[in-house]
Amino acid sequence: PKSQPKPKRDESDDSGGESDNETVAPSNDVVVEPIVRLPDDVEVKTGEEGQLVEFKERGRLYRFDTESAQWKEKGVGEMKLLRDESTGKSRVVMRRDQVHKLCANHWIASDR
């Protein structure tokens with residue numbers, strides 16, 4: 001697409017800026033080079049490697065605040081019940097959506 005030429009500015013105009021009648025055609029050929037190149041894939045270790053997912057469900061986690069005597073939300077995300085195949089121990093893990101920050105990580109102990 002051809003760009004439209006800018007109209008000439010009136011030399012007698014003292015405003016110093018563009019007049020209201022000037023139009024500039026938008027340009028789609030702007031190229032911005034990144035300052036720092038990031039690697040394509042970054043391997044993230046969650047600590048859940050080598051563990052079997054026995055149960056998985058989305059939910060909300062609440063904690064009870066004793067000072068205000070009410071329940072407060074700690075996170076929304078996917079809760080998993082994981083079992084370590086080598087030791088046989090199980091744990092509950094819950095990560096918040098989008099940021100994947102841990103909001104629950106508890107070992108499950110038997111009463112035997």
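A residue counts as exposed when its relative accessible area is over 50%. Glu-33, with a relative accessible area of 55%, is therefore exposed. The model described here is predicted.

**Salt bridge of Glu-33 and Arg-37**

- Side chains of opposite charge can pair when their charged atoms come close.
- Glu-33 and Arg-37 meet in a salt bridge through their side chains, at 3.5 Å from N to O.
- Arg-37 has 63% relative accessibility and, like any residue over 50%, counts as exposed.

- Glu-54 and Arg-83 form a salt bridge between their side chains, with 2.3 Å from N to O.
- Glu-54 belongs to strand E1 (residues 51-65) and Arg-83 to strand E2 (residues 70-84), so this pair ties together parts that are 29 residues apart in sequence.
- Glu-54 is partly exposed, at a relative accessible area of 43%.
- Arg-83 also counts as partly exposed, at 29% relative accessibility.
- Arg-60 and Glu-73 form another salt bridge, in which the closest N and O atoms are 2.8 Å apart.
- Here Arg-60 lies in strand E1 and Glu-73 in strand E2, and the pair links distant parts of the chain, 13 residues apart.
- Glu-73 is partly exposed, with 43% relative accessibility.
- Arg-60, by contrast, is exposed, at a relative accessible area of 53%.

**Aromatic pair**

- A pair of aromatic rings is described by the distance of the centres and the angle of the planes.
- Phe-64 is partly exposed, at 42% relative accessibility.
- Trp-71 counts as exposed, at 58% relative accessibility.

**Charges over the ring of Trp-107**

- Lys-89 lies over the face of Trp-107, at 5.8 Å from the ring centre.
- Arg-91 has its charged end over the ring of Trp-107, at 5.9 Å from the centre of that ring.

Conventions. Residues numbered from 1 in each chain as written. Predicted model: local features only at pLDDT ≥ 70, side-chain atom pairs only at ≥ 80, totals over all residues. Heavy atoms only, no water. Buried < 20%, exposed > 50% of the residue type's maximum accessible area, 1.4 Å probe, protein only. Lys NZ or Arg CZ within 6 Å of the ring centre and 35° of its normal. Salt bridge = Lys/Arg side-chain N within 4 Å of Asp/Glu carboxyl O. Helix = DSSP H or I, 4+ residues; strand = E, 2+ residues; numbered from the N terminus.
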